[in-house]
2 protein chains.
Amino acid sequence: MARPTIADIATRAGVSKGAVSFALNGRPGVSDATRERILKIAEQMSWRPHSAARALGASRVDSVGMVIARPARTLGVEPFFAHLLSGVQSGLSAESISLQLLIVEDTAAEIEVYRRWASEHRVDGVILVDLTVKDPRVEALKALELPAVVIGGRGGKGALASVWADDRDAMLSIVEYLAALGHRRIAHVAGTPNFQHTQRRIRAVRDAAPRLGLLDAPSLTTDFSDAEGAAITRKLLSQPDRPTAIVYDSDVMAVAGLGVAMEMGVSVPGDLSIVAFDDSILTQLMHPALTALSRDTFDFGRQAAEVLLQTIADPGTVINRRSADPVLTVRESTAPPA
Amino acid sequence: MARPTIADIATRAGVSKGAVSFALNGRPGVSDATRERILKIAEQMSWRPHSAARALGASRVDSVGMVIARPARTLGVEPFFAHLLSGVQSGLSAESISLQLLIVEDTAAEIEVYRRWASEHRVDGVILVDLTVKDPRVEALKALELPAVVIGGRGGKGALASVWADDRDAMLSIVEYLAALGHRRIAHVAGTPNFQHTQRRIRAVRDAAPRLGLLDAPSLTTDFSDAEGAAITRKLLSQPDRPTAIVYDSDVMAVAGLGVAMEMGVSVPGDLSIVAFDDSILTQLMHPALTALSRDTFDFGRQAAEVLLQTIADPGTVINRRSADPVLTVRESTAPPA
DNA sequence: TGGATTTGATAAACCGGTATAGCTCCCGAA
DNA sequence: TTCGGGAGCTATACCGGTTTATCAAATCCA
């Protein structure tokens, strides 16, 4: 027999389909003896549930979705997503829930995907990344009644569940470290302006500046691309009063910035200190290796999966879980100013 | 009404469920007038098929799977996979087929996933990457009768469908280019030895060496990691008769190698030319920017999706499609030897 | 000891589609 | 005039599970 169904098992065990279903799902309705017998037979016949059949009956598909709305070009280099993904999967695999991944161009397309997933019952819930300030996805998901968890940003007042880290504290620790080294001119090459985490980081820099006696602490936004990272760096380093330290919101931009510095003959860390707000193999490949903020991205993903599963199980309560705080890994790209 | 079913449509249209099914799937059995009417009503009620119900009835889930067996750590930096993924999705989205992605540790786990997917009917077919010499996955997939397409390597004699590029010719073009510049000592830092494409590339170097009058052309295998790439480079550059050019099997290793050269005071391209057998934003971020072999990875993925869908539709014929040949993009890291 | 409750199990409905057998009506050919 | 056959549609079985109503037997309690 190619693929046994519960009916086959029922026949073999001399019981009804219903009894088999109860036994296999560990719910009351059969005696321990019968349950044992059924489980053994199922094992023997190497039975596995037919996902579609189960989905149809139980109206739950054991599958969650994740859409990433960034151009594939920049995506690949960002180790962030690969780690996040692995973490999410590890959190899901315990319950043998599968993950649907989709890369799309923009938020409009992303919402369209949610709409389709909801109407076709393809996923039980979704994981959101890159939350923006007035994010239309939150509204859309609530309208669709699709359980969701936001990664890296609070889901709004009682709106969506979330898993987040303290970007503000993290940014403060970077700026304080640089100030302690003696830097007074620090620039911040930020990411996409409407991302919530970008905003929080910018605010952190702005708030800390007077307290730390910084002369100048501009935050300049980009699209997270290496190109803009490089362009902004070139502009910053061409100024008469150029910064002695630059903080980049991503490792890719930091690497691009390092390249520009070398090209312009600005020595790192002699003339310029560089810090990346995200760590990965990239920062370690460089010469000098970059000082970077390390976050446990894998764990981030794992927690997001957990929270999502809880949200699916009990849509009533909204969980906002704070994950481990990031730490600054000091390497060769930072030193006291000349 | 929250989610209309075909029964609802049938009632509204005053026809039977069957008629609605025929109309919505564009198959004969209803008149054009009725079909028109049914489609309009379905549109109005914004009906969408329930994926599980369709899967159960039609025994086809409109979903394909892809498992990547590499440590997440190296995965993230490889832009290769992000591009491939986007390509695959673009090929699938036309038929609105969804993609399941899974990252696992090793091949054993990968096969286990295939087994589960097959028994739970979660996917209609799978896409394979990183084919090894005597790949156990081929056998496993045939046993499971799961349609599959291999990316970047022939599926074996009549075994599995495939989409491949000519690695041999590509490697030849690199070596010939370096030889034409005047290099006679060329080293090849290869990838995992049991990958088929690694073998093909090694063979290409070995075969071309005598014809091009190369004094030495060793191929050294690695695990594709930056660490081993760096280690091997250090060893190569410490030799008395060190190579004047090194070809790396991946962009990540090439970048690591460039770092080692700089560290050892070996100037690139003055004392050493570097070529990466894979292009991405990484190679362009470096200083000097790396000469690299560019492949249309996106298109690769797109074609793989196409071939897989054809294979699913008609499991009889085995397609082996050759994709566009890669081209060498010359940048700043290559020059005639000193 | 007898009625109430619990336990263990069954049969059947159901989820939302697809596939098929069969029915009616109409047309054309013999 | 009759019969064959196709077009257009309906009714129904079916896919493989889950869930509920039902029921007999066992158990409990007074």
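Which strands of chain B does helix α12 (residues 251-263) of chain B lie across, and at about how many degrees does the helix run to β9(B)? Helix α12 of chain B lies across β6 (186-189), β8 (245-248), β9 (273-276) and β10 of chain B, and runs at about 160 degrees to β9(B). Angles run from 0 to 180 degrees between N-to-C directions, with axes fitted as lines to C-alpha atoms, for helices over the stretch in contact. Helices (H or I, at least four residues) and strands (E, at least two) are DSSP runs numbered from the N terminus.

This is a predicted model, in which local features need pLDDT of at least 70 and side-chain atom pairs count only at pLDDT 80 or more, while totals for chains, interfaces and linings use all residues. Residues are numbered from 1 along each chain as its sequence is written, and chains are lettered from A and ligands numbered from 1 in the order in which they are written.

**The sheet of chain B**

In chain B, six strands form an open sheet of mixed pairing in the order β7-β6-β8-β9-β10-β12, where two strands pair if DSSP finds at least two bridges between them. β7 (219-220) and β12 (327-329) of chain B stand at the edges, and because each has a single partner strand, one side of each is left without a neighbour in the sheet. Strand β10 (residues 291-294) of chain B pairs with β12(B) in the antiparallel sense over three bridges, and B:Ser294 has B:Val327 in β12(B) as its bridge partner.

A residue is near a strand if its C-beta atom, placed from the backbone, lies within 6 Å of it. Around DNA strand C there are 25 residues, of which A:Ser16, A:Gly18, B:Ser21, B:Ala53 and B:Gly57 come nearest. The elements giving two or more residues to this surface are α2 (17-24) and α4 (51-58) of chain A and α2 (17-24) and α4 (51-58) of chain B. Around DNA strand D, also with 25 residues, A:Gly18, A:Ser21, A:Ala53, A:Gly57 and B:Gly18 come nearest.

**The contact between the chains**

The contact takes 44 residues from chain A and 46 residues from chain B, two residues being in contact if their C-beta atoms, placed from the backbone, lie within 7 Å. On the side of chain A that touches chain B, α6(A) gives the most, with seven residues.
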